[in-house]
Amino acid sequence: QVQLVESGGGLVQAGGSLTLSCVASRSSFSINIMGWYRQAPGKQRELVAQITNGGNTNYQDSVKGRFTISRNNTKNTVYLQMNSLKPEDTAVYYCRAGPRVYFTSLDPWGQGTQVTVSS
């Protein structure tokens with residue numbers, strides 16, 4: 001079972017930027033899909049962005065053009081570069097990883113990192 005540890009969250013003003021990182025506890029070469037979800041207070045957890053081993057990416061419509069997901073397999077790490085942040089981006093952001101090209105209910109989660117965007 002892979003373990004995931006996120007970092008990089010914090011407080012930022014609207015229009016600012018943050019970069020989240022997530023390190024997997026074992027070689028990411030055995031992992032295919034990696035991604036970021038978020039959960040705002042009172043809302044369901046939602047997919048923000050995902051990336052496969054082959055580099056295929058997918059983004060939630062609300063973050064397209066502002067967020068960029070990338071990965072470094074030699075460092076077992078996935079990143080989320082977030083630009084032009086809005087107050088509605090405020091949430092706990094969770095990393096996730098799995099062995100397929102899509103997520104399943106069996107795939108593990110990180111502990112989450114808080115992102116707060118002030119207006």
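Predicted model: local features only at pLDDT ≥ 70, side-chain atom pairs only at ≥ 80, totals over all residues.
Residues are numbered from 1 along each chain as its sequence is written, and side-chain values use heavy atoms, with hydrogens and water left out.

**View 1. Strand S3 is mostly covered.** Buried here means under 20% relative accessible area, with exposed over 50% and partly exposed in between (1.4 Å probe, protein chains only). Strands are DSSP runs of E, at least two residues long, numbered from the N terminus.

**View 2. S3 pairs with S1 and with S8.** Two strands count as paired if DSSP finds at least two bridges between them. S1 (residues 4-7) runs antiparallel to S3, with 4 bridges joining them. On the S8 side (residues 77-82), 6 bridges make the link, again antiparallel. Cys-22 shows up in both pairings: Glu-6 has Cys-22 as its bridge partner in S3, and Cys-22 in turn has Val-78 as its bridge partner in S8.

**View 3. Cys-22 is also joined to Cys-95 by a disulfide.** The S to S distance is 2.1 Å; a pair of cysteine sulfur atoms within 2.5 Å counts as a disulfide, and the total comes to 1. Cys-22 sits in S3 and Cys-95 in S9 (residues 91-98), so the pair ties together parts 73 residues apart in sequence.

**View 4. A closer look at the S-S bond of Cys-22 and Cys-95.** The torsion about this bond is about -80°, so the disulfide is left-handed. Both cysteines, Cys-22 and Cys-95, are buried.
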